[in-house]
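Subject: Structure for you to look at

Hello,

Here is the structure I said I would pass on. Please open it beside this email and follow along.

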Amino acid sequence: MPAPKNPLKAALAAKQVQTGIWLNLASAPAAELLAGAGFDWLLIDAEHGPNSIPTMLAQVQAIGARVPVVVRPPMGETWMIKQILDLGVQTILVPMIEDAGHAAEMVRAMHYAPKGNRGVASAVVRASDYGRIKDYMASANDETCLILQVESRAGLRALPDLLALDGVDAVFVGPSDLAADMGHPGNPAAPEVQAAVDAALAAIVASGKAAGILTFDAKAAARYRAMGVTFLGIGGDVGLLASAAAALAQAARSF
């Protein structure tokens, strides 16, 4: 029996738009609820959410096989990638990529030897159903999906080299950090920032790799989709809860 197929990796390779949301609450029940909402993927955010390996595991188990899971670790470190993959997560979005050397390190971390240096423990980890998937090591490399996040001027300068790397499935542009790095903190809508974002997305799409971005604005999401973005984040659990709660509180005043 081979490793489970990764439908998100396959869809991105086929240029199919995949929309999803961020999970920042570190809540297994919230993840379970949102797994049935109809999104194409859910992203567990350990960079800006209070997540650890145990909380990630609880959410992965709660989501099950209903929707592909993406994890964003706090940073791009080989040991973090290893632990996340062993949970059974197949798609990882690595933040703050600024050079091809770091990107190549992340490619190696996503794969078993000889292609990479992922640690071997398939007999005892959830990814292989605790050793029950006998052909896991022989097939796992084909199903891992690596998304690199560029969110600085250095990252944009390195973009051509990142796009030339084999083993990179998608490149995600982070407008908020990019805006801060460009001297527009809190204002990703600044014309200079938007021009840089658009140019980066165009280059990613032209390379044949999948382009990704997160927006909380429906009009912006439609524009990015028209540009060819296929890994499209359209919200998050925090925003959904906060906006729904505020709307209900406001409505309650008129009851």
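Below are the notes on what was found in it, starting with how to read them.

This is a predicted model, in which local features need pLDDT of at least 70, side-chain atom pairs count only at pLDDT 80 or more, and totals for chains, interfaces and linings use all residues. Residues are numbered from 1 along each chain as its sequence is written, and side-chain values use heavy atoms, with hydrogens and water left out.

Helices (H or I, at least four residues) and strands (E, at least two) are DSSP runs, numbered from the N terminus. Eight strands close into a barrel with parallel pairing, in the order β1-β2-β3-β4-β5-β6-β7-β8. From one strand to the next, the twist averages 25 degrees. Two strands are said to pair if DSSP finds at least two bridges between them.

How many residues of strand β5 (residues 145–150) are buried? Six of the six are, so β5 is largely enclosed by the rest of the structure. Buried means under 20% relative accessible area, exposed means over 50%, and partly exposed is in between (1.4 Å probe, protein chains only).

In a regular strand the side chains alternate between the two faces of the sheet. In β5, C145, I147 and Q149 point one way, while L146, L148 and V150 point the other way, and all are buried.

β5 pairs with β4 in the parallel sense over four bridges, and L93 stands opposite I147 of β5. β5 also pairs with strand β6 (residues 170–173), again parallel and over four bridges. There, the bridge partner of L148 is V171 in β6.

Two buried residues

L93 is found in strand β4. L93 counts as buried because its relative accessibility is 0%. Leaving out residues up to four places away in sequence, L93 touches W22, L43, V70, V71, R72, P73, I147, Q149, F172 and F231. Contact here means heavy atoms within 4.5 Å. L93 and G49 are 44 residues apart in sequence and 14 Å apart in space, C-alpha to C-alpha.

I97 lies in the loop between β4 (91–94) and α5. I97 is also buried, with a relative accessible area of 0%. With residues up to four places away in sequence again not counted, I97 touches H102, A103, M106, L148, Q149, V150, G155 and L162. I97 and A154 are 57 residues apart in sequence, and their C-alpha atoms are 8.5 Å apart in space.

Helix packing

Two packed helices are described by the angle between their axes and the distance between the axes. Axes are lines fitted to C-alpha atoms, for helices over the stretch in contact, and angles run from 0 to 180 degrees between N-to-C directions.

Helix α4 (residues 78–86) and helix α5 (residues 100–109) pack at an angle of about 30 degrees, and their axes are 9 Å apart. That makes α4 roughly parallel to α5. Angles under 35 degrees count as roughly parallel, over 145 as roughly antiparallel, 65 to 115 as roughly perpendicular and the rest as oblique. The contact is made by T78, I81 and L85 of α4 with E105, M106 and A109 of α5. These residues divide into four nonpolar, one polar and one charged. Ala, Val, Leu, Ile, Met, Phe, Trp, Tyr, Cys and Pro count as nonpolar, Asp, Glu, Lys and Arg as charged, and the others, Gly among them, as polar.

The axes of helix α7 (residues 153–163) and helix α9 (residues 191–207) come within 10 Å and cross at roughly 5 degrees. α7 and α9 are therefore roughly parallel to each other. L156, L159 and L163 of α7 meet A196, A200, A203, I204 and S207 of α9. By class, this contact has seven nonpolar, one polar and no charged residues.

Backbone points to check

Most residues other than glycine have a negative phi, and most peptide bonds are trans. A26, in the loop between β1 (18–23) and α2 (28–35), has a positive phi near 55 degrees. A26 is partly exposed, with a relative accessible area of 23%. D129, in the loop between α5 and α6, also has a positive phi near 55 degrees. The peptide bond from A113 to P114 is cis, with omega near 10 degrees.

Regards
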